[in-house]
Amino acid sequence: MSCFDNTVKGWEHDMVFKAFLAAGAAMMVAQTAVAADVPLIERSKLFGNPTKVGGQLSPDGKWISFIAPRDGVLNVWVAPIATPDQARPLTAEKGRPIRQTFWSPDSRSILFVNDRGGDENFLLYGVNVATGAQKALTPFEKTRVRVIGTSETIKDRILIGVNNRDPRWHDVYELNLTSGALTKVMQNDGYAGFIADDQLKLRMASKARPDGGSDYYRVSGTTVEATPVVQFGLDDSLTTAPMGFTVDGKTLYWIDSRGRNTAALMAQDVASGKMTVVGESPKADVSGALFNPRTGRIEAYAVDYLKNEYLPIGDAVKADLAFLKAQNKGEFLIGSRTDADDKWLVTFDPVTAPASTWLYDRKGKKLTQLYVSRPELADAPLVPMEAVEIPARDGLTLVSYLTKPKGVTGPAPMVLLVHGGPWARDGFGYNGYHQWLANRGYAVLSVNYRGSTGFGKNFISAGDLQWGRKMHDDLIDAVDWAVKQGVARPDKVAIMGGSYGGYATLAGLTFTPDTFACGVDIVGPSNLFTLLKTIPPYWEAGKQQFYKRMGDPTTEEGRALLKERSPLTFVDRITKPLLIGQGANDPRVNVAESDQIVAAMAAKSIPVTYVVFPDEGHGFARPANNIAFNAVTENFLSPCLGGRAEPIGETLKASTAQVKHGGEFVTGLK
């Protein structure tokens, strides 16, 4: 039964919708009484700036850097490793938070990238640790930098890719970290990427194939050989790639799914070309590795099926991994390692408490806590996460993650939280959105639907040309599972997500309009044809893969498929409340994707609330903006699902939020 009727027009329509809101508010009182004794966690504690995050050890082991607020904006800080409490800020960004940093190989400076207003034109900057002097290392407009190669033995230079000449392709430059001088190494007229060795010599170049796969070519000096040495098609394109050379240049490591389903860790002898399996799993792809900083040899690899697991190769780090696991502080992630390999940075995630980062002294087997990322959550009523396997209707297994509200027994209202990509995945660990929504009284379910990465190439390929079809069926199967398991109330399930998750929300309200009670779409595409038409130029190399996996807009058949799978085509089917959030500068999902579906709904007098942030892109990086949209979201969900909500209050005034349409449909918004 729909919450309102599409045929109702004008003020009559508003009256019906307001009556729906009032009924939802009454239901909220009854449904949340069981969890009334659970304190409400403030949004600012979940989505405000972390106290410290992104810690990294300098290669020489003398410093630790991290990202922390300075005047309310995330900036780079540094402290002597011996006295981490004597930290000082190195940068003074006033608007855009810094989110990605790395040390220069010589430990003299910290490098970081940042964009403007979410346009994803990431430029590279360096800041000297001793003097605090900051320099723009790629001082260009409309340019996106890539790091192509760093070295363990060459400390004053790195290789970067810059697309300021042709936005589609990244020319290779050598960057002198001392002087800032850029020296062109190779002009790129059609290669997707390059692999360099420890001597900063280009050794391989990759090129996209018409079938969506890749060819890899040897590079001699600045000449790319004519005949590819490695070739693979679409099926292996997301599960096969080189990881890098050993320091001596004799071995090249690959993540490789050729001739198999899950991607294995392979070692290739460069001289003979022989490939040897180093690590593998029948259930999941090898997802990463621990490299010895001196030799570049892999000493352990990671596999993430339900949870991440490190598996040692030989004895080099076997005892260290066993020691860290025995601490029982939660799932652990190994970050940076010093050149001497005597110190590691390790982060523990207990899920029900904020993550903490520690200095690990390998020789003494000693852990020293450096910081807690969000200490304000130390006493918050955080809840566990459960890894579950959900069967899809055709037999595939969907690895999923479930969080239940504290103090609630029996079926609860549920939010299906859909990840973006779609070629990405959800994982186990602390998740601010899960904790927030569970605290408001909802069960939260995140599903790795077909097309998600990490579970083998067959699982990815099962999603080809299945946007809005079998990929969506997986989400519906997960909802049905949650209802049968007594987790969710069938009449109180919302769908929410960003990017592809936003598309899934729109698909849910158009293709399966009776399944969900309401939806929250964040930067989601509504029209797949216009989405593909406006993809950024630097994604040129991946264009054929998009066409093969989504639908080809250059063919009549492909255009028909894209139209059929676009929620905009079926906008008149929407009968449930919808909230849309969008960054005005989004280069991946253009603002027109949200504009056009809001306009189509408004033309048909279908209620929708639309919030735009003029200084954001593909998602909301500024905490004030994220908090503002989440304030709107929880007050939107509350009457729909019957959960709790912290009032919107003054949060929007602290943000750049622009309520473009439908403010009257959310309590406290207008």
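This dialogue walks through some features of a predicted model.

Trainee: What should I know before I start reading?

Mentor: This is a predicted model, where local features need pLDDT of at least 70, side-chain atom pairs count only at pLDDT 80 or more, and totals for chains, interfaces and linings use all residues. Residues are numbered from 1 along each chain as its sequence is written, and side-chain values use heavy atoms, with hydrogens and water left out.

Trainee: How many disulfides does a search of the whole structure find?

Mentor: Start with the cut-off: a disulfide is a pair of cysteine sulfur atoms within 2.5 Å. The search finds one. Cys518 is joined to Cys640, with 2.3 Å from S to S. The angle about the S-S bond is -105°, and the link of Cys518 and Cys640 is left-handed.

Trainee: Which elements hold Cys518 and Cys640?

Mentor: Helices (H or I, at least four residues) and strands (E, at least two) are DSSP runs, numbered from the N terminus. Cys518 is in strand β34 (residues 518–522) and Cys640 in helix α12 (residues 623–641), so the pair ties together parts 122 residues apart in sequence.

Trainee: Is Cys518 buried or exposed?

Mentor: Buried means under 20% relative accessible area, exposed over 50%, and partly exposed in between (1.4 Å probe, protein chains only). Cys518 is buried at 0%. Cys640 is buried too, at 2%.

Trainee: Which residues of α7 are buried?

Mentor: Helix α7 (residues 500–511) has twelve of its twelve residues buried. Among them are Tyr500, Tyr503, Leu506 and Phe511.

Trainee: What is Asp474 in contact with, leaving aside its neighbours within four places in sequence?

Mentor: Contact means heavy atoms within 4.5 Å. Asp474 lies in helix α6 (residues 470–484). Asp474 is buried, with a relative accessible area of 0%. With those neighbours left aside, its contacts are Ala392, Leu398, Tyr449 and Arg450.

Trainee: Which way do the residues of strand β13 point?

Mentor: In a regular strand, side chains alternate between the two faces of the sheet. In β13 (residues 193–196), Gly193 and Ile195 point one way, Phe194 and Ala196 point the other way, and all are buried.

Trainee: In what sense do β13 and β14 pair?

Mentor: Strands of a sheet pair through backbone hydrogen bonds, either parallel or antiparallel. Two strands count as paired if DSSP finds at least two bridges between them. β13 and β14 (residues 202–208) pair in the antiparallel sense, over four bridges. Ile195 stands opposite Met204 in β14. The two strands form a hairpin with five residues between them, and Leu200 in the turn has a positive phi of about 60°.

Trainee: Which strands stand at the edges of the open sheet of four strands?

Mentor: The order is β1-β2-β3-β4, with antiparallel pairing. β1 (53–57) and β4 (88–89) are the edges, each with a single partner strand, so one side of each has no neighbour in the sheet. Three bridges link β1 and β2 (residues 63–70). Gln56 has Ser65 in β2 as its bridge partner.

Trainee: Which residues are closest to the centre of the largest pocket?

Mentor: Rolling a probe the size of a water molecule over the atoms shows where empty space is left. On a 1 Å grid over the protein atoms alone, a pocket is an open set of points where a 1.4 Å probe fits, with protein on both sides within 12 Å along at least five of seven lines; lining residues have an atom within 4 Å of a point. Of the 13 lining residues, Asn308, Glu309, Tyr310, Lys325 and Phe332 are closest to the centre. α3 gives the most to the lining, with five residues.
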